[in-house]
Amino acid sequence: MLTRNCLSLLLWVLFDGGLLTPLQPQLQRTLATERRENVIHLSGRRPHLQRVKRGWVWNQFFVLEEYMGSEPQYVGKLHSDLDKGEGTVKYTLSGDGAGTVFTIDETTGDIHAIRSLDREEKPFYTLRAQAVDIETRKPLEPESEFIIKVQDINDNEPKFLDGPYVASVPEMSPVGAYVLQVKATDADDPTYGNSARVVYSILQGQPYFSIDPKTGVIRTALPNMDREVKEQYQVLIQAKDMGGQLGGLAGTTIVNITLSDVNDNPPRFPKSIFHLKVPESSPIGSAIGRIRAVDPDFGQNAEIEYNIVPGDGGNLFDIVTDEDTQEGVIKLKKPLDFETKKTYTFKVEASNLHLDQRFHSMGPFKDTATVKISVTDVQEPPVFSKPLYTMEVYEDTQVGTIIGAVTAQDLDVGSSAVRYFIDWKSDGDSYFTINGTEGTIATKELLDREITAQYNFSIIASKVSNTLLTSKVNILINVLDVNEFPPELAVPYETSVCENAKPGQIIQVVSAADRDLSPAGQQFSFRLSPEAAVKPNFTVRDFRNNTAGIETRRNGYSRRQQELYFLPVVIEDSSYPVQSSTNTMTIRVCRCDSDGTILSCNVEAIFLPVGLSTGALIAILLCIVILLAIVVLYVALRRQKKKDTLMTSKEDIRDNVIHYDDEGGGEEDTQAFDIGALRNPKVIEENKIRRDIKPDSLCFPRQRPPVEDNTDIRDFINQRLQENDVDPTAPPYDSLATYAYEGNGSVADSLSSIDSLTTEADQDYDYLTDWGPRFKVLADMFGEEESYNPDKVT
């Protein structure tokens, strides 16, 4: 095809032959015309060599995929330079889909697609176009080949071809641990638009896992996920095309993730004491009992090894592990003699065989339990091992927790089993329960030391063979207080040190306080924090009487080098569980006299010393930010308060400042302002309240001096201004009062005869006629009087 196109281009240059030239693709806009169309222009042959307007410009045609219109989709147009519009040229079309997919109007050369196309089925069609003379049936143009490309639309959602997925990740993995990578494919054209641009997201499975939106890599999102808490996770992954934008198509898949087991749990005995009864006639090597430690791990991580801790009675017994049940089987190594020893007590240790070094910091992967073996022989009432049992339990202990056990034995030969129960006449049966076989006492309800600090009840033991043979023992249970709060400094101390201090001086004695109900004899210990113990400037001396002293370690301190020292003091109590806290004391360097009296502790430097710690800098900056926030809040409240005090009601009687655009208006200008005070100062009420402010409360009338009849308005105004200046009830803000005093600069001067320097005969009122129609009557009145004046020279 390329060879043919190059050969045609060469022939056109040499012989000016007509060629089949597509000018514009369907989706390109022609700059010279307003209509968008595809044209295949056929240049006719000319008798003389002449360069045509354009050469071979080959562009693909485009037809829209999945077109659903009622009319055939327009593709392009064939046109030959030899076609003069007389109907002598016939256009033909051949190649892929000619006649079945694409049709051509033989007269106009218009190409249409007659059915919907699918780019994923066939992305392009290769066609050949030719112009033929209708009469002679001979080609007018050489046959040319062109391509109609199916333009992609987003009609395919992303698909996970390999889903659903199955993956596993070890439990207790850190955040970001790799789990699996999923891949979604989109059948749309990846080279056109964003139809095939896929973005991954998690619809179900958060916050345990996360996925990279571009690569599809799934990673853990939470640290220390425990298989023993939840082993299986089902994660729903979505792949959305169009770059995840609105309107994109999406596909989903399921990823089943399993947490694989690691040895992160030590074996634990479900109870601290195991009671076994063994007849003294038991043969050597026989199994006399089983105990079991629980390990929530799986497989080899749950394999347990049992050992008897050397001690009382341990040499008579042996213990081995049952590989199927992981139980400890206790076997007899030596014969038992009831008359020699009736009970044996020893401890059994359970430990894991396969350890994981990563979890050694979590503690020892082993546990111990006490095994009590009673040798049975006699047929007499059971005998308790103690005349009184005293037990202790902490308040808020979980219900069902074993707090102790009682033991009663049948000393008769051919002993019978013993059963335990709480005497119904005592109050202990509602708060405690006892194992009838083993004698272990456990809590039945939550205990509160503040309500009941001690319980006293009885336990009855009876033989199974003869229930009439019983014995009773008293149980005394003390409820211990739980130490919940750490001790702290009793008060916030303000500690200072003199610049001339000597080593070993006690500059402050501190004490501690604890919010717990501390029992009698509570002791507090004081010490310096480990991080501050390296070359300290101060140290803590514990006086062993619940107080401690802050002691200097240097010979002199300089305020210029460092003004503040921060001393972390660790305070620890003696209750259970032990609580401690770190309290930071601020020590200020001050200038003192020779006797140690503080003279000055003011800050002498603008900037903090270089030696100040980072924590102190952060604390000081935080204080500054808080102070600035308080100032801003205070200013905002003041402004709000000021706005609230202003009067916005329609009943406000203050003077209004009115602006007029016209120069005069007669009495209309005085409607918004009461100028009666200026016209006649006598009519002012003595107790008249100011109109320019709204008083918060009633005020007493002020005594004003009487106003004379001939008082000048300017003097009256000055008098009122002076009264307002010295008035203590006046508002703190400026008030604007408007008075209708015109001043001495008026062109008309004063129209009143009061205080006139000249008589009416000396006045010339001809200018009143120039003031307009408003002063026409006044001009006529004064002008008429002047006309009768014999002395007036006209």
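Cys 601 is partly exposed, with a relative accessible area of 25%. On the scale used here, buried means under 20% relative accessible area, exposed means over 50%, and partly exposed lies in between, with a 1.4 Å probe and protein chains only. Cys 601 sits in the loop between strand 41 (598-600) and helix 2. Helices (H or I, at least four residues) and strands (E, at least two) are DSSP runs, numbered from the N terminus.

Which residues does Cys 601 touch, leaving aside its neighbours within four places in sequence? Cys 601 is in contact with Arg 559, Glu 563, Arg 588 and Cys 590, where contact means heavy atoms within 4.5 Å. Cys 590 is eleven residues away along the chain, and its C-alpha atom is separated from that of Cys 601 by 4.5 Å.

Before going on, a word on the model. The model is predicted, so local features need pLDDT of at least 70 and side-chain atom pairs count only at pLDDT 80 or more, while totals for chains, interfaces and linings use all residues. Residues are numbered from 1 along each chain as its sequence is written, and side-chain values use heavy atoms, with hydrogens and water left out.

Now the whole chain. The protein chain has five helices and 41 strands. It has 794 residues, and 37% of them count as buried. Of the contacts with a separation of 6 or more, 67% are between residues 24 or more positions apart. The chain exposes about 48500 Å², and carbon and sulfur atoms supply 53% of that area. Accessible areas come from the Shrake-Rupley method with a 1.4 Å probe, and for residues only the protein chains shown count as cover.

Helix 2 covers residues 614-645, and Leu 622 is placed in it. Together with Ile 626, Leu 627 and Ile 630, Leu 622 forms a nonpolar patch on the surface, with about 390 Å² of accessible area for the four together. Patches are made of residues with over 30% relative accessible area and no salt bridge; like charges are joined within 9 Å, and nonpolar side chains (Val, Leu, Ile, Met, Phe, Trp, Tyr) within 5 Å.

Next, strand 9. Is strand 9 (residues 144-151) mostly covered or mostly uncovered? Strand 9 is mostly covered, with seven of its eight residues buried. Strand 3 (residues 61-64) runs parallel to strand 9, and four bridges join them; two strands pair if DSSP finds at least two bridges between them. In that pairing, Phe 61 stands opposite Ile 148. Strand 8 (residues 124-133) pairs with strand 9 in the antiparallel sense, over six bridges. There, Phe 124 stands opposite Lys 149.

Another sheet is open and has three strands in the order 18-21-20, with antiparallel pairing. Strand 18 (287-292) and strand 20 (317-322) stand at the edges with a single partner strand each, so one side of each is left without a neighbour in the sheet. From one strand to the next, the twist averages 30°. Axes are lines fitted to C-alpha atoms, for helices over the stretch in contact, and angles run from 0 to 180 degrees between N-to-C directions. Strand 20 and strand 21 (residues 327-332) are joined by six antiparallel bridges. Glu 327 in strand 21 is the bridge partner of Asp 322.

That brings us to charged pairs. The whole structure has 18 salt bridges, a salt bridge being a side-chain nitrogen of Lys or Arg within 4 Å of a carboxyl oxygen of Asp or Glu. One of them joins Glu 327 and Arg 290, at 2.8 Å from N to O. This pair links distant parts of the chain, with Glu 327 in strand 21 and Arg 290 in strand 18, 37 residues apart. Arg 290 is partly exposed, at a relative accessible area of 44%.

Glu 551 forms a salt bridge with Arg 541, with the closest N and O atoms 3.0 Å apart. Glu 551 lies in strand 38 (residues 547-552) and Arg 541 in strand 37 (residues 538-542), ten residues apart. Glu 551 is buried at 14%, whereas Arg 541 is partly exposed at 35%.

The last pair is Arg 544 and Asp 542, whose closest N and O atoms are 3.7 Å apart. Arg 544 counts as exposed, at 66% relative accessibility, and Asp 542 counts as buried, at 16%. Elsewhere, salt bridges that share partners join Arg 227, Glu 228, Glu 231 and Asp 261 into one network.
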